[in-house]
Amino acid sequence: MDDAALTLPQVGLADIQAAAARLRGVAIRTPLLNSPPLDQALGRRIYVKPECLQKTGSFKFRGAYAAISGMDPAMRARGILAFSSGNHAQGVALAAALHGAPAVIIMPSDAPEVKISNTRGYGAEVILYDRETEDRDAIGERLQVERGMELLRPFDDVRIIAGQGTVGTEIAEDLPDGISEVLVCCGGGGLTSGVALGLDGKAVVRPVEPAGFDDVTRSLTEGRILRNPSMGGSICDAVLTPSPGNLTFPILQRLCGPGIIVTDDEALRAMALAWQHFRIVLEPGGAVGLAAALFHHHGDVVAVASGGNVDREMFERALGTL
């Protein structure tokens, strides 16, 4: 580890276990699902961790609640500020509401309407921005100063990483014999790095990203943080981020295997097969891990299905691939 990495806040298994204790009885402990007919057709085993069944429809509730529940009460009472394409938004909105704290969420204007409306439904104030022409980080920092609220970043925060890491500890507890890789939907790396830490060496994590937005895969190959050239153009909105985080990238480098890239069409097909074989509803970004397992992996594997907040039209489009 270089000197720069040593100056960054660190997160470890003890932090994840502390987050798990705060989440116990609040978050849903999701199972590993398996479809014998699908396994027979493929000639190998695929297990799915269905975080689409989590509160707010994605794993993001874990990180949001773990972070907010661990805050100083006076800080929490001033309110929580977050930016998100929708899943972190909903997680923060509900977690804040459960603690009686106000929440302001900065969301891209092209986020799925179901995510925008659900975030408002949990009681948060929503501020929309254009992800192609406006900088969400700059907007968040300005509002943080103006309103005096705590900014809770979607992935580059040790509290968030610890909460998402509970997905990894649960997989480690349930991991079937003979499985050595876990495929994780990856945006900025909060879930991916958290799962890698939570697995505690019991399996290797492979980050999975949509084609054209493979900043983590390229960054791991080059050994330095690289950015995506665009922030729009894929249906996998839940995992479109500019680059891996300063906190998450060193963890990804240390613990993860090479990234896997899937197409939008493969994500749609995975959504359809998830419904057909596991009877779960996934959004495109939440299906990329399963897409990698189906179309780019050749052995027994666990895939994290990270979210299911999908508009009706997109889900119908996915089912049309069957």
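Which residue in β5 does I106 stand opposite? That comes up in point 2, after a quick word on the model.

1. Ground rules. This is a predicted model, so bear in mind that local features need pLDDT of at least 70 and side-chain atom pairs count only at pLDDT 80 or more, while totals for chains, interfaces and linings use all residues. Residues are numbered from 1 along each chain as its sequence is written, and side-chain values use heavy atoms, with hydrogens and water left out.

2. The sheet. I106 stands opposite I127 in β5. Helices (H or I, at least four residues) and strands (E, at least two) are DSSP runs, numbered from the N terminus. The order β5-β4-β3-β6 describes an open sheet of 4 strands with parallel pairing; strands pair if DSSP finds at least two bridges between them. At the edges stand β5 (125-129) and β6 (150-151), each with a single partner strand, so one side of each has no neighbour in the sheet. As for β4 and β5, they run parallel and are joined by 5 bridges.

3. The largest core. A nonpolar core is a set of buried Ala, Val, Leu, Ile, Met, Phe, Trp, Tyr and Cys residues joined through side-chain atoms within 4.5 Å. Buried means under 20% relative accessible area, exposed over 50%, and partly exposed in between (1.4 Å probe, protein chains only). The largest such core has 36 residues, and F61, I68, I80, V92, I105, M107 and L152 touch the most other members. Elements giving two or more residues to this core include α4 (60-69), β3 (80-83) and α6 (87-98). Take I80: leaving out residues up to four places away in sequence, its contacts (heavy atoms within 4.5 Å) include I68, V92 and L152. A second, separate core of 34 residues includes I46, I235, V262 and M271.

4. Salt bridges. Here the term means a side-chain nitrogen of Lys or Arg within 4 Å of a carboxyl oxygen of Asp or Glu. The whole structure has 17 of them. In one, R29 pairs with D174, with the closest N and O atoms 2.8 Å apart. R29 lies in the loop between α2 and β1 (33-34) and D174 in helix α9, so the pair ties together parts that are 145 residues apart in sequence. R29 is partly exposed at 40% relative accessible area, and D174 is partly exposed at 31%.

5. A buried pair. R62 forms a salt bridge with E51, again with closest N and O atoms 2.8 Å apart. R62 is in helix α4 and E51 in the loop between β2 (46-50) and α4. Are these two buried or exposed? Both R62 and E51 are buried. Through shared partners, salt bridges join K49, E51, R62 and E170 into one network.

6. Helix α11. In this helix (residues 215-222), the buried residues are D215, V216, T217 and S219. Their cover includes β8, α12 (248-255) and β9 (260-262). Just after α11, G223 takes a positive phi of about 80°.

7. Cysteines. How many disulfides does the structure hold? The count is 0, a disulfide being a pair of cysteine sulfur atoms within 2.5 Å. For C52, the nearest cysteine sulfur is that of C185, 10 Å away. C256 has its closest cysteine sulfur in C186 at 7.5 Å, too far for a bond. C52 is buried at 11% relative accessible area, and C256 is buried at 14%.
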